Amino acid sequence: MDTPIFDFVRSYQERRNIRLHMPGHKGKVLLGMESMDITEIGGADELFHPAGIIQKSEGNASSLFGAGKTVYSTEGSSLCIRAMAYLALLWGKERGRKPVILAGRNAHKAFLSAAALLDADVRWLYPEREQHLIACEITGQGLEKQLEVMAEKPAAVYVTSPDYLGHVLDIAALSAVCRRHDVLLLVDNAHGAYLKFLRPDRHPMTSGADLCCDSAHKTLPALTGGAYLHISKKAPALLREQANRAMELFASSSPSYLILQSLDKCSAVLSQDAGRMAAFAERICKMKEKLSAHGYVLIGEEPFKITLAAKEYGYTGDELHDLLRKQNIECEFSDLDFLTMMVTPALEEQELQRAENALLSIPRKERIEQKPPVLPHPRRVLSIREAMLALTEEIPVEKAAGRVFADAQVGCPPCIPIIACGEEVNGAAIMCFRYYGISSCRVVRT
């Protein structure tokens with residue numbers, strides 16, 4: 001597979017032009033990559049109006065992922081999430097539907113900001129059995145029941161799969177339900193770009209999603225910020241026709257050409273050695289089996305995440321993380337309940353072995369019985385838009401009961417709010433705030 005963006009920039013770099021254009025470093029070395037950092041000069045194409053090298057490169061990615069259309073993002077999946085919401089509501093408007101999206105409760109804060117900007121009416125899908133804040137189990141049967149009782153059809157169903165703990169939803173079942181009800185299926189697949197290259201292929205584009213976002217930088221060899229918006233071949237034509245406009249609506253006018261080059265090269269790497277992903281998944285499966293045999297309890301079905309239910313082994317997730325840090329091992333996420341490690345084929349065998357040995361060296365202790373609090377099901381008082389754009393004040397959580405929550409800013413990872421903007425803070429929410437160490441919150445000023 002060719003690399004048109006990378007090749008253009010390398011050629012420009014070698015010509016040693018006098019750069020009377022942005023960026024301000026003019027290609028002179030400070031960090032080392034400045035000579036390959038350019039702007040939209042002649043021949044470099046334009047990200048959201050592509051007609052040259054970007055159009056060709058995006059076509060390569062679209063073919064690789066089996067999409068009807070792929071648009072690059074240099075602002076991560078957050079940009080793609082906002083574009084997906086916009087496209088869904090645009091499609092719904094054409095069909096005379098109100099701006100309603102039925103969404104899994106563990107949605108990323110980027111989805112909440114999209115709802116605020118678009119004034120979308122979000123109806124929440126709660127997990128079908130009590131789970132952690134980050135997880136939201138949604139089955140085809142459960143979604144069917146929810147859609148059947150809704151007086152008006154939403155424009156779309158929005159789900160997160162895989163989630164931060166490694167749970168993977170049955171996208172094929174969910175897409176079949178959405179098709180029966182003439183509703184779009186949007187998938188936040190930020191953590192699952194690599195699913196395309198497993199055997200069998202488990203990517204949302206293959207499983208029937210209409211729209212999905214992939215964060216290339218999370219699991220593929222791309223720079224941070226590199227992501228894809230994919231539109232299915234079977235999705236309504238309107239979505240493909242309006243995709244670039246949707247991305248441009250929320251995006252910076254100064255895309256990073258360093259990130260674009262990494263997305264371009266990433267496609268070439270994957271096309272040459274796609275089987276490497278499947279082989280690596282087998283290696284991690286063996287590692288998981290060894291950890292399980294040692295006494296660790298693992299959760300989630302995602303191949304490239306190793307998530308430990310830490311309390312079952314006698315520790316909090318944060319305690320296990322601290323023990324690993326002492327051996328110079330940094331993990332993706334930890335809290336009181338879980339420790340999540342993200343792995344990819346970029347890791348060398350000796351690095352995997354070091355991590356495995358470090359975990360096996362930690363002595364098992366008596367199981368911790370403490371459970372996380374029940375997830376809150378708060379009453380909605382204002383729309384997400386009204387609350388997010390209102391005048392606000394920060395107060396101690398102990399004084400927040402009865403107030404309207406207005407804060408979309410939560411810790412990253414995992415950027416999943418305990419309650420949504422516009423909802424009333426209740427006792428269950430306060431218990432969750434305490435449990436996760438949150439001492440203050442932002443509420444609508446009265």
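At what angle do the axes of helix H1 and helix H2 cross? I looked this up to start. The axes of H1 (residues 4-15) and H2 (residues 53-65) cross at roughly 145° and come within 8 Å. Axes here are lines fitted to C-alpha atoms, for helices over the stretch in contact, with angles from 0 to 180 degrees between N-to-C directions. Helices (H or I, at least four residues) and strands (E, at least two) are DSSP runs, numbered from the N terminus.

I noted the source. This is a predicted model, in which local features need pLDDT of at least 70 and side-chain atom pairs count only at pLDDT 80 or more, while totals for chains, interfaces and linings use all residues. Residues are numbered from 1 along each chain as its sequence is written, and side-chain values use heavy atoms, with hydrogens and water left out.

Next, the residues between H1 and H2. From H1, Pro4, Ile5 and Phe8 meet Ile53, Ile54, Lys56, Ser57 and Asn60 of H2. Contact means heavy atoms within 4.5 Å. I sorted this contact by class: five nonpolar, two polar and one charged. Ala, Val, Leu, Ile, Met, Phe, Trp, Tyr, Cys and Pro count as nonpolar, Asp, Glu, Lys and Arg as charged, and the others, Gly among them, as polar.

I then turned to strand S6 (residues 211-215). Five of its five residues are buried, meaning under 20% relative accessible area with a 1.4 Å probe, protein chains only. Leu211, Cys213 and Ser215 point one way, Cys212 and Asp214 the other. S6 pairs with strand S5 (residues 184-188) in the parallel sense over three bridges; two strands pair if DSSP finds at least two bridges between them. Val187 has Cys212 as its bridge partner in S6. With strand S7 (residues 227-231), S6 runs antiparallel, joined by five bridges. There, Ser215 stands opposite Ala227.

I followed another sheet. Its four strands run in the order S8-S9-S11-S10, open and antiparallel. Strand S8 (298-299) and strand S10 (333-334) are the edges, each pairing on one side only. Two bridges join S8 to S9 (residues 305-309). Ile299 has Thr307 as its bridge partner in S9. Helix H11 (residues 275-294) lies across S8 and S9, at about 15° to S9. Helix H12 (residues 317-325) touches S9, S10 and strand S11 (338-342), and makes about 45° with S11.

Terms used:
Buried means under 20% relative accessible area, exposed over 50%, partly exposed in between (1.4 Å probe, protein chains only).
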